[in-house]
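Here's a quick briefing for anyone meeting this structure for the first time. Have a look at the model, then read on for the ligand and the pocket around it.

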Amino acid sequence: MSREIPARDRVIVALDLSDVEAAEKAVWALGDSVNFYKIGYELVMAGGLHLAEDLVHSGKKVFLDMKLHDIGNTVMHATKRAAKLGATFLTVHAFPQTMRAAVEGRGDSNLDILAVTVLTSWDDGDLKDAGYAATVPELVARRAAQAEAIGIDGLVCSPAEAKDLRQRLGAKMMLVTPGIRPAGAAKGDQKRTMTPSEAIKAGVDYMVIGRPILAAEDPKASAEAIVTEIENARK
Ligand code: C5P
C-alpha cells in the first residue's frame, strides 16, 4: 500500500477556475482543510503563476499541471524555473527525451516530476491516428517502465490503472489520480471513477479533486469529509 503521507496532504484541489480572484476565494474558503492545489492551463493563462508563488509563500504546496513536451533544452529550463518557483509537482508527457530533460532540470531540488503516460481522453483509435501501433494499455505499460528507468518521481493515471501500475512499479513511484468521486457525489463528465477509499486501496498516493470540493455547498466540509475518508481507509 501507499507511502506515509498525512491524509490532508493527499488531497490536491484542482483550481479549475477562470480567474485568480475566484481561485483566491476558493483557497481562502478551504483554509487549513487542505494543503495542496493544482494549477492548470486555464488559470496560468489568467495570471495563475503569481497565485502559485503566493500559495508557496503562504506554506501551501503547488502542483503545476503544465504537461510539458518540447525539445529537451526547453523542457529542462522550464523545469528549472518551476523548481525555483517552489512548485512541488510538475507534469510532463511521458516521452523519454522529455522525461530525461525534466529530471535534469529538477536536479536535486524539492520538485517532483510526474509523467502523464497516455491522456485518458485518448483511445486506441486516437493512437492509430497519431501513428502509433500500440494499444492504450501497451503504451501505458511501456511509458511507465521508461519513466521509472529515467528516474521520474510519479505517474498521473486513471484510478482504473492504479492497481496494475502499483503492482508493476512497486512502492517507489508516486501514483496521482483524478477521477475521484466520494460516494454520492455527482460524476459530471468523469466516467470511470473511484471513491477516495477505493483509490487508497488501489495504491494511489495523491488524488486530484475538483468539483466534488469546489462545487459543494460547503467546500471546506466536503474537503474535510474526504480527508477523513482517506484516514479511515488507511487504518
Ligand atoms: O472536477 P474533477 O474532480 O473532475 O477534476 C479533476 C481534475 O483532474 C481536473 O483538473 C482535470 O483536468 C484533471 N484530469 C482529469 N482526467 C485526466 C487528467 C486530468 O480529470 N485524465
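Start with Thr 120: a polar side-chain atom of this residue lies 2.3 Å from a nitrogen atom of the ligand. Keep in mind that this is a predicted model. The ligand itself sits in the largest pocket, and Thr 120 is also among the residues that lie nearest the centre of that pocket.

**Polar contacts and cover**
- Asp 16 has a polar side-chain atom 2.7 Å from an oxygen atom of the ligand.
- With Arg 211 it's the backbone that takes part: one of its polar backbone atoms is 2.7 Å from a ligand oxygen.
- On its own, the ligand has 470 Å² of accessible area, and the protein covers 78% of that.

**The shell around the ligand**
- Residues around the ligand include Ala 14, Lys 38, Pro 178, Arg 181, Gln 190 and Val 208.
- By type, the shell splits into 5 nonpolar, 3 polar and 4 charged residues.
- Two elements, β8 (206–209) and α11 (211–214), each give two or more residues to this shell.

**The largest pocket**
- Its volume comes to about 1100 Å³.
- A total of 36 residues line the pocket, and those nearest its centre include Lys 67, Pro 178, Gly 179 and Gln 190.
- Elements that supply two or more residues to the lining are α3 (41–44), β3 (61–68), α9 (159–169), β8 and α11.
- Sorted by type, the lining has 16 nonpolar, 9 polar and 11 charged residues.

Note on methods:
Residues are numbered from 1 along each chain as its sequence is written. This is a predicted model: local features need pLDDT of at least 70, side-chain atom pairs count only at pLDDT 80 or more; totals for chains, interfaces and linings use all residues. Side-chain values use heavy atoms; hydrogens and water are left out. A residue is near a molecule or strand if one of its heavy atoms lies within 4 Å of it. A polar contact is a pair of N or O atoms within 3.5 Å; within protein, one must be able to donate a hydrogen and the other to accept it, and residues adjacent in sequence count only if both atoms are side-chain atoms. Accessible areas come from the Shrake-Rupley method with a 1.4 Å probe; for residues, only the protein chains shown count as cover. On a 1 Å grid over the protein atoms alone, a cavity is a set of points where a 1.4 Å probe fits but cannot get out, and a pocket is an open set with protein on both sides within 12 Å along at least five of seven lines; lining residues have an atom within 4 Å of a point. A molecule sits in a cavity or pocket if more than half of its atoms lie within 2 Å of its grid points. Helices (H or I, at least four residues) and strands (E, at least two) are DSSP runs, numbered from the N terminus. Ala, Val, Leu, Ile, Met, Phe, Trp, Tyr, Cys and Pro count as nonpolar, Asp, Glu, Lys and Arg as charged, and the others, Gly among them, as polar. Grid points are joined across faces, edges and corners, and a volume is the space filled by probe spheres set on the points.
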